[in-house]
Amino acid sequence: MSVKAIATSISAIVFSALPGAAQEQSWRGQVTPYVWGAGLAGDITPFTGAPTFSVDKSLSEVLEDTDGAFFFSGYARRDRLVLMGDLSLSSSSKDGLIPPGLPATAKLRQRSMTLLGGYRAVDQANIHFDALVGVRLWRVEGSVDVAGGAISRSGDKSFTDPVIAFRANYALTPRLSTIVYADFGGFNEGSDNTSQIVATLNYQVSNTLYVSGGYRQLSVDYSEGGTQVDMTMAGPLLGMTLRF
């Protein structure tokens, strides 16, 4: 499945729901900024000639090395047309030694944006199920400073993955619901493979405000030239959703 084919599919879904397609409902949406306490595991070679960093960190260890992080998601629906996306930004650094025992500092930034369009296949009172297709855009930047900056190297890599996704929303009570989201992609078009899983429990505070807690896992396996990124970030999340 090529990126071009994914883009064509999204365009077809969107244009089918534009005015003139007999849509009666107006757009409804929601935005969710959230914090994500993710542990990190995997192997990362940020650019050709850089050492490979093997990482297996708990949440507390990741927080020690995290310079900054931001996570945000959005969702919109009109009748059975669904649009959604999420944005992840993180920056971390780590001090250590590289052969033959020289002190080094490695810095890694990752940015990923997932954009999706799809169709509400099930729309019942207590359960809603969406099927979606889209793309995930990645940018990975790495740098290594050796011996206090005596030697410095840096590089970056950008690539795009096609993805397919599914989202289910089930109402447990009038104010309590659960959402399960999963996507899979890559297919050797951008990365070898990528996946994301999100599960949340959501409480309705008011007509427009929800609070959520749950779990998120984001993985990617990419290799091209001297750049290799095989990492998984996973851990609890806490968010606040504003509906409009």
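A salt bridge here is a side-chain nitrogen of Lys or Arg within 4 Å of a carboxyl oxygen of Asp or Glu. Keep that in mind for aspartate 183 and arginine 136, whose side chains meet in a salt bridge at 2.4 Å, N to O. Aspartate 183 sits in strand 9 and arginine 136 in strand 7, so the pair ties together parts that are 47 residues apart in sequence. Both aspartate 183 and arginine 136 are buried. Buried means under 20% relative accessible area, exposed means over 50%, and partly exposed is in between, with a 1.4 Å probe and protein chains only.

Some ground rules. This is a predicted model, where local features need pLDDT of at least 70, side-chain atom pairs count only at pLDDT 80 or more, and totals for chains, interfaces and linings use all residues. Residues are numbered from 1 along each chain as its sequence is written, and side-chain values use heavy atoms, with hydrogens and water left out.

Now the overall layout. The chain has 2 helices and 12 strands. Helices (H or I, at least four residues) and strands (E, at least two) are DSSP runs, numbered from the N terminus. In sequence order the pattern reads α-β-β-β-α-β-β-β-β-β-β-β-β-β. Of the chain's 244 residues, 40% count as buried. A contact means heavy atoms within 4.5 Å. Among contacts with a separation of 6 or more, 59% come from residues 24 or more positions apart. The chain exposes about 12,500 Å², and carbon and sulfur atoms supply 59% of that. Those areas come from the Shrake-Rupley method with a 1.4 Å probe; for residues, only the protein chains shown count as cover.

Next, the core. A nonpolar core is a set of buried Ala, Val, Leu, Ile, Met, Phe, Trp, Tyr and Cys residues joined through side-chain atoms within 4.5 Å. The largest one holds 26 residues, and Trp36, Leu116, Val220 and Met231 touch the most other members. Strand 12, residues 227-243, gives the most to this core, with 4 residues. What does tryptophan 36 touch, leaving out residues up to four places away in sequence? Its partners include Phe71, Arg216, Leu218, Met233, Pro236 and Leu237.

Stay on strand 12 for aspartate 230. Aspartate 230 is partly exposed, at 38% relative accessible area. Its C-alpha atom is separated by 8.9 Å from that of threonine 45, 185 residues apart along the chain. Beyond four places in sequence, aspartate 230 touches Ala41, Gly42, Asp43, Val220 and Asp221.

Back to charges. The count comes to 7 salt bridges. One of them joins glutamate 141 and arginine 111, at 3.5 Å, N to O. That pair links distant parts of the chain, with glutamate 141 in strand 7 (residues 127-146) and arginine 111 in strand 6 (residues 102-123), 30 residues apart. Is glutamate 141 buried or exposed? Glutamate 141 counts as buried because its relative accessibility is 18%. Arginine 111 is partly exposed, at 36%. Another bridge runs from aspartate 123 to arginine 120, with the closest N and O atoms 3.8 Å apart. Aspartate 123 is partly exposed, at 36%. Arginine 120 is buried, at 4%.

On to serine 212, in strand 11, residues 209-224. Serine 212 counts as buried because its relative accessible area is 9%. Its side chain makes a polar contact of 2.7 Å with the side chain of asparagine 202. A polar contact is a pair of N or O atoms within 3.5 Å; within protein, one must be able to donate a hydrogen and the other to accept it, and residues adjacent in sequence count only if both atoms are side-chain atoms. Serine 212 also touches, among others, Thr200, Leu201, Leu237 and Thr241.

Last, two loops. Most residues other than glycine have a negative phi. Aspartate 79 has a positive phi, near 55°. Aspartate 79 is in the loop between strand 4 (66-78) and strand 5 (81-98), and is partly exposed, at 28%. Asparagine 188 also has a positive phi, near 65°. Asparagine 188 lies in the loop between strand 9 (176-185) and strand 10 (193-204). Why does asparagine 188 count as exposed? Because its relative accessibility is 59%.
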